[in-house]
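Me: I have a structure open and would like to learn how to read its features one by one. Could you take me through it?

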Amino acid sequence: MLPSEATPAPTTAATSPLCQVSDLVRAGAISAALRDLDGLAADRGALGETDRARLLALQLECRLARGDLAEAMRLGDQLAAYGGRRGLAGALAHQAAGELALALGDPEGAVEHLLTAGRTAAGLPQGSELLDWRTAAALALVLIGQRREAAELAEEHLRLAHEHGSAYAVAQGLRTLSAADAGGRRVHLLREARTVLTTLDAARLAAQVDTDLAGLLLLSPTPEQAREAVLLLRSAELYAGLEELWPLQSRVRRLLERCGEAPQRLRADALGLLTPSERRVAGLAAGGLTNRQVAAELEVSVKAVEWHLSRTYRKLGITSRAGLVPAFAVPA
């Protein structure tokens, strides 16, 4: 049921607006999910405690996917109020805090929050929506060098995913196990995850798996593996651009650069992601003007130019002003 409908019918837990938005997030429809979440947030006073925590956790997940750390931190501050609660509300708060810590480069803090989420969720019905803390904790453990512990959590996640029949959670677990694996199974596990995802509407997870697989193929590629990697990356690049997932797009484009591939030229709809001020600043910079010259041309401060350019880089998934030239199709 959409929150905009005037006369809602009675809802069950399985068909509530929050469940529907959660399905959108898992499908990778981040833009649509954010629109619905904003509508629900406007009337969150009518929600119970657990649903309010779930709403904030979904908003935070979407903002992290977009690379909007400032907004994610604001949402994290609101979720912190639920950290001492028992049950699902507390588990969601700690899981979100762990994912935020991971995005902010604090894997040790992430592990602490995520394991707390697991302890808080103990005794609750173990549906697939409660499995994510294990995969996030496993990825954080990999970052601090504890691969054995990470693999154990990934294996436990996979076992529970199979028990509950969640194909999405199975694919998620296979991706996580690939990251934790110290042997030679990493490519095999990601290919298995791709096979599982062919039956699902899960574009974001599919793009993440494709990007992981491309990165492994490029470690010591044969010509065939290099071609496969580029195809995987182009698909992920298109999805990330359409949904404005700048962290994923930046990673994809770094791998494309390793292949000697330029970013896809932006079409008018992609340039539409920029504000008018960002387009003016970036267009002048792409034409060869320095930041000081752009500032003089537009009669703004140099700091304003730097701020607009940093936002443009994030939105377009590039790392420097050199990336503006192909993005704006400026002749060499």
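Me: Which residues does Val196 touch, not counting residues up to four places away in sequence?

Reply: Val196 touches Ala167, Val170, Ala171 and Leu174, where contact means heavy atoms within 4.5 Å. Val196 sits in helix H10 (residues 186-197); helices here are DSSP runs (H or I, at least four residues; strands are E, at least two), numbered from the N terminus. Val196 and Ala167 are 29 residues apart in sequence, yet 6.6 Å apart in space, C-alpha to C-alpha. A word on the source: this is a predicted model, in which local features need pLDDT of at least 70 and side-chain atom pairs count only at pLDDT 80 or more, while totals for chains, interfaces and linings use all residues. Residues are numbered from 1 along each chain as its sequence is written, and side-chain values use heavy atoms, with hydrogens and water left out.

Me: How many residues of H9 are buried?

Reply: Buried means under 20% relative accessible area, exposed over 50%, and partly exposed in between (1.4 Å probe, protein chains only). In H9, 13 of the 14 residues are buried, so this helix is largely enclosed by the rest of the structure. H9 covers residues 167-180. For the protein, 47% of the 332 residues count as buried.

Me: How do I read the packing of two helices?

Reply: Two packed helices are described by the angle between their axes and the distance between the axes. Helix H15 (residues 276-286) and helix H16 (residues 291-298) pack at about 130°, with axes 10 Å apart. That makes H15 oblique to H16; angles under 35 degrees count as roughly parallel, over 145 as roughly antiparallel, 65 to 115 as roughly perpendicular and the rest as oblique. Axes are lines fitted to C-alpha atoms, for helices over the stretch in contact, and angles run from 0 to 180 degrees between N-to-C directions.

Me: Which residues of H15 and H16 meet?

Reply: From H15 come Arg280, Val281, Leu284 and Ala285, and they meet Val294, Glu297 and Leu298 of H16.

Me: What should I look for in phi?

Reply: Most residues other than glycine have a negative phi. Glu244 has a positive phi of about 60°, and it lies in the loop between helix H12 (223-242) and helix H13 (246-258). Glu299 also has a positive phi, near 60°, in the loop between H16 and helix H17 (302-316).

Me: Is Glu299 buried or exposed?

Reply: Glu299 counts as exposed, at 74% relative accessibility. Glu244 is partly exposed, with a relative accessible area of 23%.

Terms used: Expected span 1.5 Å × (residues − 1).
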